[in-house]
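Hello,

Here is the model I promised to pass on to you. Please have a look at it first, and then read my notes below.

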Amino acid sequence: MTAVEVAVRERAALGEGPTWDSREQRLIWVDILGSRIHTYDPAGGRRTVMVTEQHVGAAKPRAGGGLVVNLRDGVALYDGIDGFRWLHREVVPGRRGNDAAVAPDGALWFGTMRYDEAPGGGSLSRLAPDGTARTVLDSVAVSNGTGWSPDGRLMYYIDSPTRRLDVFDVGEDGLPLNRRQLAMVDEGFPDGLTVDAEGCVWVALWDGGAVRRYTPEGHLDRVVELPVPRPTACAFGGADLTDLYITTARTGLEAPHPLSGSVLVVPGAGKGLPQPLFAG
């Protein structure tokens, strides 16, 4: 039996994007619809909450300090020197930023989606450290989990309504090639993901009440059942990267579980990978 504990008791509407900040030894996560960036220090119990300018899909640590954030109208920086500034602004009515991830080369991969989740209304783009943005996938519905194998040669990606976990080869220019299906989810919808040190992919299942672990060959080899119906994403954290943190949502639920919107944790679930910092 896997022990699931409560790391942060919260009532987030749409908790998402947990990321372990190794420099500060803290967990960073967002409440997208609440327009808030949360941090949590598991060693000391300290928490912070920052209100953002817009709905915030993701927040990741930056090598130069502060955070890079995927907002409704584009990608921006929050830092202690310049405060707030846009890196890439692209206003599309009815669309917002969603999940994001930092690649091994320090580039930010950021997704978008329409508020009505219309097919083809979202995208997945790469923001290079020099600020150059390039759309890589331009016809997705709900751009979600993105991650890389330990050697950086494979990239994993989820467009949630497809119920697929896809894998690409990574070319010399860092761009994905040869998209194919790694696994199909038959219960709920795949949402956020993380890759562990063994190269296995952990996927949170929205409306599936669980996190699943898939081998690099696409075989399901572990299921962590959760008390809440809508886990959204997962990430390894803690001093030795062995604790699996899981964000959850309460939006759209008529009778949310008391823990919906909280951050859960599975101590000693596995071994994660250090997360790269955005190099821009």
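What follows is a short tour of sheets, a cavity, the cysteines and a few loop residues.

First, the ground rules. This is a predicted model, so local features need pLDDT of at least 70 and side-chain atom pairs count only at pLDDT 80 or more, while totals for chains, interfaces and linings use all residues. Residues are numbered from 1 along each chain as its sequence is written, and side-chain values use heavy atoms, with hydrogens and water left out.

Let me begin with the sheets. Strands are DSSP runs of E with at least two residues, numbered from the N terminus, and two of them pair if DSSP finds at least two bridges between them.

The pairing of β20 (residues 210-214) with β21 is antiparallel and runs over 5 bridges, with Val 211 opposite Val 224 of β21.

Next comes β23 (residues 243-248), a strand that is mostly covered. Of its 6 residues, 6 are buried, where buried means under 20% relative accessible area, exposed over 50% and partly exposed in between (1.4 Å probe, protein chains only). Both of its faces are covered: Asp 243, Tyr 245 and Thr 247 are buried on one side, and Leu 244, Ile 246 and Thr 248 on the other. Which strands does β23 pair with? Strand β22 (residues 231-237) is joined to β23 by 6 antiparallel bridges, with Pro 231 as the bridge partner of Thr 248. Strand β24 (residues 263-266) pairs with β23 in the antiparallel sense over 4 bridges, and Leu 244 stands opposite Val 266 of β24.

The hairpin of β22 and β23 has 5 residues between the strands, and Gly 238 takes a positive phi near 90° there. Leu 241 lies in the loop between these two strands. Its phi is near 55°, a positive value in a residue other than glycine, and Leu 241 is buried at 12% relative accessible area. Most residues other than glycine have a negative phi. Glu 117 also has a positive phi, of about 60°, although it is not a glycine. Glu 117 sits in the loop between β11 and β12 (122-127) and is partly exposed, with a relative accessible area of 45%.

Now to the inside of the model. A cavity is a set of points on a 1 Å grid over the protein atoms alone where a 1.4 Å probe fits but cannot get out, and lining residues have an atom within 4 Å of a point. The count is 1 cavity of 30 Å³ or more, and the largest cavity holds about 60 Å³ of space, a volume being the space filled by probe spheres set on the points, which are joined across faces, edges and corners. Its lining includes Asn 70, Arg 72, His 88, Gly 97 and Phe 110. At least two lining residues come from each of β7 (67-71), β10 (95-102) and β11 (108-114).

Finally, the cysteines. How many disulfides does the structure hold? There are 0, with a disulfide being a pair of cysteine sulfur atoms within 2.5 Å. The sulfur of Cys 200 is 12 Å from the closest cysteine sulfur, in Cys 234, which is too far for a bond. Cys 200 is buried at 5% relative accessibility, and Cys 234 is buried at 3%.

Best wishes

Definitions and conventions:
1 Å grid on protein atoms, 1.4 Å probe; cavity = no way out; pocket = protein on both sides within 12 Å on 5 of 7 lines; lining within 4 Å.
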